[in-house]
Amino acid sequence: MESTSNDGASTTRRRLSWDDRHAQLLDAFRDLVRTHDMDDVTLARVAARAGVTKPVAYDHFGDRSGLLSEAYRSFEAHQRDALLEALAQAPRDLAAVSALVAEAYIGCCIAEGIELAAVVSALSGSATLNALRSEAELAYLEICREALEPFTGPLDPAPLSAIVGAGDALARNAMSGSMTTARACETLAVVIRAIALASAVPGARPGRAT
């Protein structure tokens, strides 16, 4: 095992698989974002926090832009995982599915609000952020579509993007304290159900009653 320094402290660097090391570096990044200005969060600092040398961090992310992109993808993947975990509870109707989607969305936004906001701000105005957002939104809404269609019939995917806009706005209200988390979830659930019903392909028959 190899020792290295972490902000002056002696740390033992464990041998990890590529995926585990990648996850460890992203965790170190999140820790730094909570306690440092974003401009001060560099690959070198991330490496030090993780207890590895700088070349290891550069090998994983290439540069700071690569680190930010991977951090954003990690946040979005966690949000999708949270949704899938919630949906595994096998809800029985449209209202229940809508409520689970809402609770998962708001809960994840609140849990990761500070770190995600910092990453989005750092990537703001870049083509990279637009591409990442589009990629993440499509993947998330595909899960929503598959969860909702048994109760609505086939859905036009385009209007479903309103779920993300409403979810982000309500999550911001909850984080600012202008409304409670419970109220934000309840409101988003109503919005999701309304969007799903409005997005149903005319003439299509749902697999189950709403």
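Visitor: Which side chains meet in a salt bridge at 2.8 Å, N to O?
Guide: Those of glutamate 149 and arginine 145. Keep in mind that this is a predicted model.

Visitor: How far apart are glutamate 149 and arginine 145 in helix H7?
Guide: Four residues. That puts about one helical turn between them.

Visitor: What else does arginine 145 form a salt bridge with?
Guide: Glutamate 142. The closest N and O atoms there are 2.4 Å apart. Both residues lie in helix H7, three residues apart.

Visitor: Is arginine 145 buried or exposed?
Guide: Buried, because its relative accessibility is 18% and the cut-off for buried is under 20%. Glutamate 142 is partly exposed, at 33%.

Visitor: Why can such side chains pair at all?
Guide: Opposite charges can pair when the charged atoms come close.

Visitor: How many salt bridges does the count come to?
Guide: Eight. One of them joins aspartate 31 and arginine 34, at 2.7 Å from N to O. These two sit three residues apart in helix H1, residues 18-35.

Visitor: Which residues are linked in a network with Asp31?
Guide: Arg34 and Glu115. Aspartate 31 is partly exposed at 31% relative accessibility. Arginine 34 is partly exposed too, at 48%.

Visitor: New topic. Which residues touch the most other members of the largest nonpolar core?
Guide: Leu83, Val101 and Leu188. That core has 35 residues.

Visitor: Which helix gives the most to this core?
Guide: H5, with nine residues. Helices H4, H7, H8 and H9 each supply at least two.

Visitor: And what does leucine 83 touch?
Guide: Setting aside residues up to four places away in sequence, leucine 83 touches Val101, Ala104, Tyr140, Ile143 and Cys144.

Visitor: Where does serine 199 lie?
Guide: In helix H9, which covers residues 181-199. Serine 199 is buried, with a relative accessible area of 2%.

Visitor: What does the side chain of serine 199 reach?
Guide: The backbone oxygen of isoleucine 195, at 2.6 Å. Beyond four places in sequence, serine 199 is in contact with Pro154, Leu155, Asp156, Pro159 and Leu160.

Visitor: Last one. Which residues is methionine 175 in contact with, leaving aside neighbours within four places?
Guide: Cys109, Ile110 and Gly113. Methionine 175 lies in helix H8 and is partly exposed, at 42%.

Terms used:
Residues numbered from 1 in each chain as written. Predicted model: local features only at pLDDT ≥ 70, side-chain atom pairs only at ≥ 80, totals over all residues. Heavy atoms only, no water. Buried < 20%, exposed > 50% of the residue type's maximum accessible area, 1.4 Å probe, protein only. Polar contact = N/O pair within 3.5 Å; in protein donor to acceptor, adjacent residues only side chain to side chain. Contact = heavy atoms within 4.5 Å. Core = buried A, V, L, I, M, F, W, Y, C linked by side-chain atoms within 4.5 Å. Salt bridge = Lys/Arg side-chain N within 4 Å of Asp/Glu carboxyl O.
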